[in-house]
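The exercises below concern one predicted model. Work each task from the coordinates before reading its solution.

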Amino acid sequence: MPDLLEIVLKLAAVAAAFGVLPLLVGQAEHKVMAHMQGRLGPMYAGGFHGWAQLVADGVKFAQKEDVVPAAADRTVFKLAPAVAIVPYLLVLLVIPVGPDGQVVLDLGLGLFFALAVMGIGVIGAIMAGWSSANKYSLLGGMRIAAQLMSYELPMVFAASSAAMAAGTLSLSGIVEAWHWYWLPWQAIGLVVFFVAGLAELRRPPFDMPLADSEIILGPYTEYGGLRFAFFLLAEYAGIVVLSALTAVLFLGGWRGPFLDAELGWLWLLVKVFALAFVVIWLRVSYPRMREDQLQKLAWAWLVPLALAQLALTGVLRVALG
Amino acid sequence: MRRAGPPVPTPGAHRGTPGYAIMSTVGRLPGGGLAKGLAVTLRTMTRRTITRQYPEVQPDLPPRSRGVIALFEENCTVCMLCARECPDWCIYIDSHKETLPAEGGGRARSRNVLDRFAIDFSLCMYCGICVEVCPFDALFWSPEFEYAEYDIAELTHEKERLREWMWTVPPPQAHDPSGEPPKEIAAAEKAAARGRKT
């Protein structure tokens with residue numbers, strides 16, 4: 001029975017994290033982006049510095065009419081937001097927040113599972129693009145597909161470099177094996193993984209598939225109300241998951257200056273929010289990349305860099321025994 | 001009521017600072033442009049925002065703001081110059097002539113009395129020609145701007161309201177110390193110098 005209770009508690013914790021963290025990142029994006037542009041951002045909702053802005057947005061989305069275009073493929077159209085958001089929830093299950101089994105699902109193949117499931121999230125957006133029966137959506141969907149094809153490769157290479165360094169595919173095992181000297185050793189892998197992850201989440205400056213000013217949010221064009229809100233939530237959940245994975249693989253996850261066992265979750269949270277800040281910072285600072293620049297970055301820079309990192313990891317691993 | 005705003009940075013003022021020298025070196029390195037972009041946004045984040053929370057905080061308007069045209073009714077002589085010069089004919093003036101009884105041995109004097117002075121702010125294009133053309137200093141610019149109405153007809157404001165706005169007219173600005181002296185002063189000084197010579 002205690003086992004069952006423990007599982008229920010862990011699942012509740014993951015559900016709570018999934019409900020709260022993306023909203024915190026979204027609110028941080030509102031405020032950080034505003035201040036980086038010399039603005040204040042939301043100031044009214046909730047009374048104090050607009051803390052309830054995203055809650056208010058959610059209420060507004062919930063009131064909206066549920067529209068499905070006449071020519072759309074109804075089943076796929078309705079399924080797409082769920083396919084986009086559920087994978088990120090699943091990835092949170094395998095993120096370790098502390099040593100000695102402080103993880104919901106301690107998979108031996110945790111890294112493999114996380115990367116595979118994250119890829120499915122992208123399928124949701126492609127489904128949306130295809131089923132909307134709208135040329136902009138289709139264009140956006142195709143761009144997402146192209147982006148997934150090119151960025152999945154360096155992302156997997158970089159992640160496998162961390163796995164190689166640790167000698168295990170288990171996320172808990174990778175954090176256990178982490179040492180401070182991984183920072184210089186795996187620096188290239190860290191950058192490649194993070195950048196490729198950003199591209200996979202279609203965050204600016206890699207938001208060519210959405211490009212609201214030219215193809216009006218691409219695959220999300222025909223979506224409104226709650227379904228659109230789910231896509232937005234999936235984007236922020238994606239940021240949380242990407243930041244968490246980057247922290248776990250390259251920044252030592254729950255490792256902190258002291259009390260790893262008790263405060264591991266806090267160290268991980270600090271790292272996640274620091275990385276989420278970087279995500280927002282990059283979004284504010286850089287203009288959108290053109291489609292050909294996007295592809296060139298992946299194939300001409302990230303893939304060779306990731307391969308170089310793999311070689312470096314392999315050589316050092318053999319040299320150190 | 002008006003609050004002092006944050007200092008407005010003058011363009012190019014940061015060029016002399018050491019930070020600028022560092023940034024221009026960084027900008028020349030490969031990928032330095034990317035770092036520079038990040039630095040700009042981060043620096044902006046640490047500075048005060050320039051947003052004014054308008055309904056809560058009154059904007060800090062410059063003294064020559066063209067908010068509304070105020071009428072100093074006591075100075076108006078009903079000469080009609082403003083109404084005639086107005087490009088879109090938005091000034092309405094009605095008046096009648098009043099005869100003052102003769103004083104002493106002189107004849108009776110007549111003078112104009114203003115009955116109606118109204119500006120239709122739905123037509124006014126805020127060119128300020130009426131203010132410029134008034135020879136008796138009866139029209140002034142006021143920075144007051146909160147006079148929106150729900151009906152376009154209500155934007156025609158009568159002389160009582162225009163007179164009220166006189167209280168919001170700021171005092172004239174001091175002369176720019178490095179500017180040219182006013183023509184009157186220059187002429188007077190020239191005349192004084194001529195007088196000293198002879």
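**Exercise 1.** Determine how far apart the end C-alpha atoms of residues 7–26 of chain A lie, and what the secondary structure of the span is.

Solution. The end C-alpha atoms of residues 7–26 of chain A are 29 Å apart. The span is 100% helix and 0% strand, where helices are DSSP runs of H or I with at least four residues and strands are runs of E with at least two, both numbered from the N terminus. Next, take residues 151–174 of chain A: here the ends are 23 Å apart, with 83% helix and 0% strand. Both spans are among those that an unreviewed UniProt entry lists as "transmembrane region" of chain A, others including 79–97 and 298–320. UniProt positions follow the numbering used here, feature names are shortened, and annotations may be inferred rather than shown by experiment.

Two conventions apply throughout. Residues are numbered from 1 along each chain as its sequence is written, while chains are lettered from A and ligands numbered from 1 in the order in which they are written. The model is predicted, local features need pLDDT of at least 70, side-chain atom pairs count only at pLDDT 80 or more, and totals for chains, interfaces and linings use all residues.

**Exercise 2.** Describe the overall build of chain A and of chain B.

Solution. Start with the element count: chain A has 12 helices and 0 strands. Its radius of gyration, taken over C-alpha atoms, is 20 Å, close to the 20 Å from the globule rule (2.2 Å times the number of residues to the power 0.38) for 321 residues, so chain A is as compact as a globular protein of that length. Along the principal axes, the C-alpha atoms of chain A fill a box of roughly 60 × 50 × 45 Å.

Then turn to burial. A residue is buried if 20 or more other C-beta atoms, placed from the backbone, lie within 10 Å of its own, exposed if 12 or fewer, and partly exposed in between. In chain A, 45% of the 321 residues are buried.

Chain B has 6 helices and 5 strands, in the order α-α-β-α-β-β-α-β-β-α-α from the N terminus. Of its 198 residues, 10% are buried.

**Exercise 3.** Characterise the packing of helix 1 of chain A against helix 10 of chain A.

Solution. Helix 1 (residues 2–36) and helix 10 (residues 225–250) of chain A pack at about 95°, their axes 8 Å apart. Helix 1 of chain A is therefore roughly perpendicular to helix 10 of chain A, the class for angles of 65 to 115 degrees. Next, list the contact residues, a contact being C-beta atoms within 7 Å: helix 1 of chain A supplies A:F18, A:L21, A:P22, A:V25 and A:G26, and helix 10 of chain A supplies A:L233, A:Y236, A:A237, A:I239 and A:V240.

**Exercise 4.** Where do A:P205, A:I216 and B:W89 lie, and what is their backbone geometry?

Solution. Most residues other than glycine have a negative phi, and most peptide bonds are trans. The bond from A:P204 to A:P205 is cis, with omega near 5°; A:P205 sits in the loop between helix 8 (187–201) and helix 9 (212–215) of chain A. A:I216, in the loop between helix 9 and helix 10 of chain A, has a positive phi of about 35°. A:I216 is partly exposed, with 15 other C-beta atoms within 10 Å. B:W89 has a positive phi of about 50° and lies in the loop between helix 3 (81–85) and strand 2 (91–100) of chain B. B:W89 is exposed, with 11 other C-beta atoms within 10 Å.

Note on methods:
Axes fitted to C-alpha atoms, helices over the stretch in contact; angles between N-to-C directions. Parallel < 35°, antiparallel > 145°, perpendicular 65-115°, else oblique. Contact = placed C-beta atoms within 7 Å.
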